[in-house]
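User: I'm new to reading structures and I get lost in the big picture. Please pick one part, look at it closely, and then connect it to its surroundings for me.

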Amino acid sequence: MKTQNKIKKVSLLVVLIIGALVSLFPFYWAAIGATNTSGSMFSKPPTLIPGSMLMENIRNLDESIGISRVMFNSLFIATTYTILALFICTMAAYAFAKFQFPGRNVIFTIFLLSMMVPYHATIIPLFKMMAALNWLNTYQAVILPNLAYPFAIFLMRQNLLAFPTSLIEAARIDGAGEWKIFFRIVLPSMKPALAATAIFLFLYQWNSFLWPLIALSTTDMYTFPVALSTLFGLSRIDYGQVMAGVTIATIPIIIFFLLLQRQFISGMLGSAVK
Amino acid sequence: MKKWWSATGLVAASAMMLAGCSGTDGGNGSSGDGEGGKTTLTAWAWNVNVGALNDAMEMYQEENPDVEIQVEDLGRLDVYDKLSTGLAAGGVGLPDIVLVEDDRIGGYATAFPDGFVNLSDMGFDDNADLFPSFKQELAQVDGSYYAMPFDAGPGGMFYRRGLFEQAGVNADEIETWDDFLEAGKKIKEETGAFAMPLDKFKDDPTFRMMLNQLGTYYFDENGNIDLTSDEAVMAMEKLIEFEEAELIKEVDGWNGVVSATVDNSVAAIPFGAWYYGTIIDQAADSSGDWGVFLLPAFEEGGNRASNLGGSSWMIPAGGENEEAAYEFLEYFSTTPEVQLVAMQDYGLFPSLNSTYEEELFTSEDEFFGGQKIWELFANQMADVETPYYTEDYAIGLDEAIKAQADAFNGMDPAEALKAAAERLAERTDREINN
Amino acid sequence: MRSKTLVPYMFVAPAVILFSIFMAYPIIYSFILSFQSGQGSNMEFTGLDNFARLFSDDIFITALKNTFILLIIQVPIMIFLALIIANLLNSALLKFKGVFRVSFFLPAVTSLVAYSIIFSIMLMNDGVVNQFITAIGLDSIPWLSDPFWAKASLIIAMTWRWVGYNMVIFLAGLQNIPEELYEAASMDGASKIRQFFSITIPNLKPVILFTVILSTIGTLQLFDEPFVLTKGGPSDATLTIGMYLYQTGFRFFDFGYASTIAYVIVILIAIMTFIQFKVTGDQE
């Protein structure tokens, strides 16, 4: 019985390891590309060990796009966006999940429906609008349009639905104000969901490409994906540089994820609510 | 209630803060003349063209010290997404100067008739004769110039000397596609290398070069669909002959062609002169192993001149600096020294005829085994036929690629082209020839 | 008491205000555009012509078929995989959970630029993937050139990219299931698999519904994968509605017809979502 369990556990582990390797391989391969010469991406058999070109590739990349400036732009935009959007979306989600009010379903449905409009269709009017506001090539042109992100509202609402309404009512009877209930009682127990939502918001903004490309127009304002895209000319691509850029652009999200993922398990220990 | 206001206030304050942190205002195209009468031109271009434009401005400033340029480096396809958006939004947020590939000029100028400055009105016609005839035609829409010719892509077969020698094939003796087919078979047998690479299902550069060589294209000069012409069928059948002899290496996209170039798995690559830059960058350790010969003819003594790619400058209308932009571009396009710098430092093959008299064009290239490759490219320029792209080029390309994919997946080439021509007629309301 | 009824409005106000400013205008604008047709700036009002044109547009119908094939095959596979992985990673027995979570989530962080270049090089005929496949004795696969394999490539690439993303949503959702439920079930002798189907899935229903709707939306708008991997080919075998929309607008300059396609996507998603809500019976 015990050995059988052990076999089960080991085979489970093997499956997970294979899955993880499949997930990770392209990243490993890109990182290797960052340490080799441009043409080595195509060598046969494939190059799978690090080379010695990393510093040179990074130097070239820095010359092409200015890594620190681009990194600052991306970090500033993604962080500001994540904080503001998390706040705005969670508030709205709380109203949708825990209150009955006229217009609730209509507003919620409109949010949902807007998520269904393909973003390519809204680019041109949004651009027109930003031009009229004289906001082209500014940070707010990139940050503001999607602050009320239906995805985040929806995700938070689904998680808030599971929050016991009786606790809110009990707090009301105790005389707590609505804001106190929201900040002191509801939010603390939503940490796993908030962490997940924050990750998605950050990820969305960090990787966002088309709108920043259209809205930003000078090199000193570019975000990482837009700057990386400038490395693709008609016929000359330095793959070493590109792979260095791809790898560097991935690091902040990994850090962000590692910082927040602890929250996923915190709920298991049982918060005050349960 | 109070807290609600403070929360709203927080959001508003952060928005305000953001507004404060805005970057330089380069969005509205022209940053005006500013203090001291300085004019700053804005431009969108990709890759090496950015450097060429900046260098040209430095040369220009010797005579015109009060003009500056700010060039934004963008991905090639990104330029078009931004340009299309700005034009569709009514001509906002556009630069003073934009680089556009020749095959897209007609599409933009026709779809947005008020979107670009008519260069003929500014007097460009006087300069027209400085360029080869096909470049002239490509820059015009309905008889007016909307673009200033810049670089071109005279065609050639970039080949590996080592593979050719190993198989005992002499590149100089290849005159027709059939010669090349035989040579390819020999090379494959001796070395295992394919004759040429092709992304069979996603792009058709070789087919386009063949069409151009045969004096036709997707459309003819009247704008009729020409995919069913004898020439088009002949070209596609020739490609299929290579396929049946297993001489075409299937590659994926641009990266695939580069890959095949680097790993010595193809003996030749038919492309425009601009591919030189890719070869010396990516296959840096193969110096001396390369050579170029003209595209083989379809029959002995037939036309071997062809062109693939090339781009020109356009001036979006409505900017404050139209005049200044025109003057600078005119200098850029018609000054041999500028074109020479673009060629020497950035590998951009000029289309300005007088540039070809420069010494560079008779010099030997070490990477290419001492061959006078630039002379070979330059000498065919006058004979290149005009590819009639029209404003429906993007749809034509879409259908031609499908025809090629069908042919490579086993359909009869003539039938595949006929079906494509019919779909194209349906989508563009154009007539089919024959 | 008046302020009491205002409370929910205060909570939604910031979102609603921002939404009305930045989303409502573009959405209405493109809706109006969907009744116009032409090229570039030469647009004219054509009423419902665009909608009629859709029905006789073979390319659109092909794109529609492709999109639905991808939807029907890819979404269930991905959701199921994500559920299983989330469940395994949530189990208290496993070590190095953090490492696994990061590993599975990582694909979601690739940007379009990175994704396009890495995958197209890896999936080449003689690329890394095929070299591996031939090394273990199988025939190399025409990943991007064969109509069948091109679709399969898209499905694999999408699954690779989004499994971890959905897994994270599930992991967050799993934290809301009281541990006592599992404890009670264990005491009753229910196996882990049994618990998965009788406790985990029913309790995660709102979250599963959410991911299914999200994936449906994502697939019906699908653009990135076909754009970077197959360009819609060979011969439109992987052309999706989302990509056709992009081509029609940004390549062929018919922004009116492109908007019409956008609204067809909206209608389709709305119908699918409605069905999904009905089938699963959302609690509220």
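Analyst: Let's start with a word we'll need: two residues are in contact if their C-beta atoms, placed from the backbone, lie within 7 Å. Keep in mind that this is a predicted model.

Our close-up is a pair of helices in chain C. Helix α9 of chain C covers residues 192-220, and helix α12 of chain C covers residues 255-280. Their axes come within 10 Å and cross at roughly 160°. Angles over 145 degrees count as roughly antiparallel, so α9(C) and α12(C) are roughly antiparallel to each other. As for handedness, the crossing of α9(C) and α12(C) is right-handed.

Who does the touching? On the α9(C) side you'll find Lys205(C), Leu209(C), Val212(C), Ile213(C), Thr216(C), Ile217(C) and Leu220(C). They meet Ile265(C), Leu268(C), Ile269(C), Met272(C), Thr273(C), Gln276(C) and Thr280(C) on α12(C). Sort the residues of this contact by class and you get nine nonpolar, four polar and one charged.

Now look at the loops of chain C around there. A bit of background: most residues other than glycine have a negative phi. Phe253(C) has a positive phi of about 65° although it is not a glycine. You'll find Phe253(C) in the loop between α11 and α12 of chain C. Is Phe253(C) buried or exposed? Count the other C-beta atoms within 10 Å of Phe253(C) and you reach 26. A residue is buried if that count is 20 or more, so Phe253(C) is buried.

Lys231(C) lies in the loop between α10 (224-230) and α11 (241-251) of chain C. With 21 other C-beta atoms within 10 Å, Lys231(C) is buried because the cut-off is 20.

Let's step out from the helix pair to what chain C touches. In all, 72 residues of chain C are in contact with 75 residues of chain A. On the chain A side, the helices that each supply at least two residues include α1 (2-34), α3 (67-98), α10 (191-207) and α13 (239-266). Which helix of chain A gives the most to this side? That's α1(A), with eleven residues. By class, the side of chain A that touches chain C divides into 58 nonpolar, 13 polar and four charged residues.

Chain A itself has 13 helices and zero strands. Its C-alpha atoms fill a box of roughly 70 × 70 × 30 Å along the principal axes. Chain A has a radius of gyration of 23 Å, while a compact globule of 274 residues would have one near 19 Å. Of its 274 residues, 54% count as buried. Take the contacts in chain A between residues at least 6 apart in sequence, and 76% of them join residues at least 24 apart.

The axes of α15 (393-408) of chain B and helix α16 (residues 413-428) of chain B come within 9 Å and cross at roughly 155°. That makes α15(B) roughly antiparallel to α16(B), and the crossing is right-handed. Residues in this contact include Ile395(B), Glu399(B) and Ala403(B) of α15(B), plus Leu417(B), Ala420(B) and Arg423(B) of α16(B). Its classes come out as nine nonpolar, two polar and five charged residues.

Helix α8 (residues 205-213) of chain B is mostly covered, with eight of its nine residues buried. Among those buried are Phe207(B), Arg208(B) and Met209(B). What covers the buried residues of α8(B) includes β6 (148-160), α9 (230-244) and α15 of chain B. Just after α8(B), Gly215(B) takes a positive phi of about 80°.

Methods:
Residues numbered from 1 in each chain as written. Chains lettered and ligands numbered in written order. Predicted model: local features only at pLDDT ≥ 70, side-chain atom pairs only at ≥ 80, totals over all residues. Helix = DSSP H or I, 4+ residues; strand = E, 2+ residues; numbered from the N terminus. Rg over C-alpha atoms; globule rule 2.2 N^0.38 Å. Buried ≥ 20, exposed ≤ 12 C-beta atoms within 10 Å, placed from the backbone. Axes fitted to C-alpha atoms, helices over the stretch in contact; angles between N-to-C directions. Parallel < 35°, antiparallel > 145°, perpendicular 65-115°, else oblique. Left-handed = near helix turned anticlockwise from the far one by under 90°. Nonpolar A, V, L, I, M, F, W, Y, C, P; charged D, E, K, R; others polar.
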